[in-house]
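The structure comes first, then the reading of it.

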Amino acid sequence: MDLEANKTWRIQPYTRKFDGNVMERVRPVSIRPLYSSPEAPQCNLYHNITAVVFSTGFFIGNFFHDFTDVLVPLFITARQFEGEVQILMADNMQHWWINKYKKIFKQLTNYEIIDFNKENQVHCYPRAIVGLYSHGDLTVDSSRSPKNYSMVDFARLMRRAYSLERDFAINLVESSKEKPRLLIIGRNHTRKIINVDEIVAVGEELGFEVVVNNTSSHDVGEFARTVNSFDVMMGVHGAGLTNEVFLPTNAVMIQIVPFGNLEGMSENDFGKGARNMMLKYLQYSIIEEESTLIDLYPRDHAVFRDPESIHRQGWAAMGEIYLNQQNVKLNITRFKPILARALELLS
């Protein structure tokens, strides 16, 4: 690069470049090329490893965004160094968040994590990467990633980080005497399955051992081990489906898509990643009669007749109606074939 001496530019080292509202809140990092050593500040600490500088962004604490905006991109960027890399967090480093995912960080770096904004020492590295590579939501494109890493490799790293026992889901041809296990991810506020007891009953009728989980565990490792013990996981579109990263290979992930033309978003958020992790993926879109929106709006309302007109009003309007106001009552006759198909996929 033909850079002018002392020309400074700034990078916002967060992955959601497309989200202008969020990026406005991301503190930039200044970069300036120096052409003579006297211009540089005196080094206090010398390193012979690579530095990776990034921001955890605005959505820290949201399980989906923790993975898709930070942890998966960090894997893409840092895994190639096999631990010989130092992480510098460029915003207000949250120690509770570092502690929450400490087992993942230990798989990626052999060194302490530095709070970039509070550090008063001058660190010198032979190489630094400012920002993280991102290939999309819960996605690692092996053709673009160093050493051709993929989401399969990310899933393996999760198993190592949390000592997960199962690499593969049950094969019903080889284990005909065992019951396949079905985990229903519950939700406590919005997009709840209000007839979950009926789903449990039909699942058991088909031969599943069914467990419903409505709790939000703060211990990632504990819940990772729970998820890994199941062969099928299902739930309504939402952050809880991020737990698919802990499922064993060849397990089945069923995403229930709320009413409102949310199929593309649902596929992008969880479907693509599931397939990239070598999971079997099923997507079930509910119809008007399966949505509690019919109790809130007349059937000739644009909410039903023209969902795209709601989408055109922006994310806030769309989200308030289709994500926040809606619960789900599954039609057992329509949904039962999905569970039957999951059984076939395990064979």
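F335 is buried, with a relative accessible area of 1%. Keep in mind that this is a predicted model. Y284 counts as buried too, at 4% relative accessibility; the cut-off for buried is under 20%.

**Aromatic pairs**

The model holds 14 aromatic pairs. One of them joins F67 and F246 in an edge-to-face arrangement. F67 sits in helix α2 (residues 63–78). F246 sits in the loop between β11 (232–236) and β12 (252–257). The two are 179 residues apart, so the pair links distant parts of the chain. Both F67 and F246 are buried.

Y284 and F335 also form an edge-to-face pair. Y284 belongs to strand β13 (residues 280–285) and F335 to helix α12 (residues 332–345), so their pairing ties together parts 51 residues apart in sequence. The table sets out both pairs.

| Pair | Centre to centre | Angle between planes |
|---|---|---|
| F67 and F246 | 6.2 Å | 85° |
| Y284 and F335 | 5.0 Å | 85° |

Ring pairs also build a cluster. Its members are F63, F67, F75, W97, Y101, F105, Y149, F154, Y162 and F246.

**Charges over rings**

Two arginines lie over phenylalanine rings. R181 lies over the face of F230, at 4.1 Å from the ring centre. R299 places its charged end over the ring of F304, 5.9 Å from the centre.

**A helix inside**

How many residues of helix α5 (residues 151–161) are buried? Eight of its 11 residues are, so the helix is largely enclosed by the rest of the structure. These are M151, V152, F154, A155, L157, M158, R159 and A161. F154 also belongs to the ring cluster. The buried residues of α5 pack against α2, α4 (102–108) and α8 (263–276).

**The largest pocket**

The largest pocket holds about 900 Å³ of space. Its lining counts 24 residues. Which of them lie nearest the centre? They are S30, F116, V122, H123 and A128. By class, the lining has 17 nonpolar, four polar and three charged residues.

Definitions and conventions:
Residues numbered from 1 in each chain as written. Predicted model: local features only at pLDDT ≥ 70, side-chain atom pairs only at ≥ 80, totals over all residues. Heavy atoms only, no water. Phe/Tyr/Trp six-rings, centres within 6.5 Å; stacked < 30°, edge-to-face > 60°. Helix = DSSP H or I, 4+ residues; strand = E, 2+ residues; numbered from the N terminus. Buried < 20%, exposed > 50% of the residue type's maximum accessible area, 1.4 Å probe, protein only. Lys NZ or Arg CZ within 6 Å of the ring centre and 35° of its normal. 1 Å grid on protein atoms, 1.4 Å probe; cavity = no way out; pocket = protein on both sides within 12 Å on 5 of 7 lines; lining within 4 Å. Points joined across faces, edges and corners; volume = space filled by probe spheres on them. Nonpolar A, V, L, I, M, F, W, Y, C, P; charged D, E, K, R; others polar. Contact = heavy atoms within 4.5 Å.
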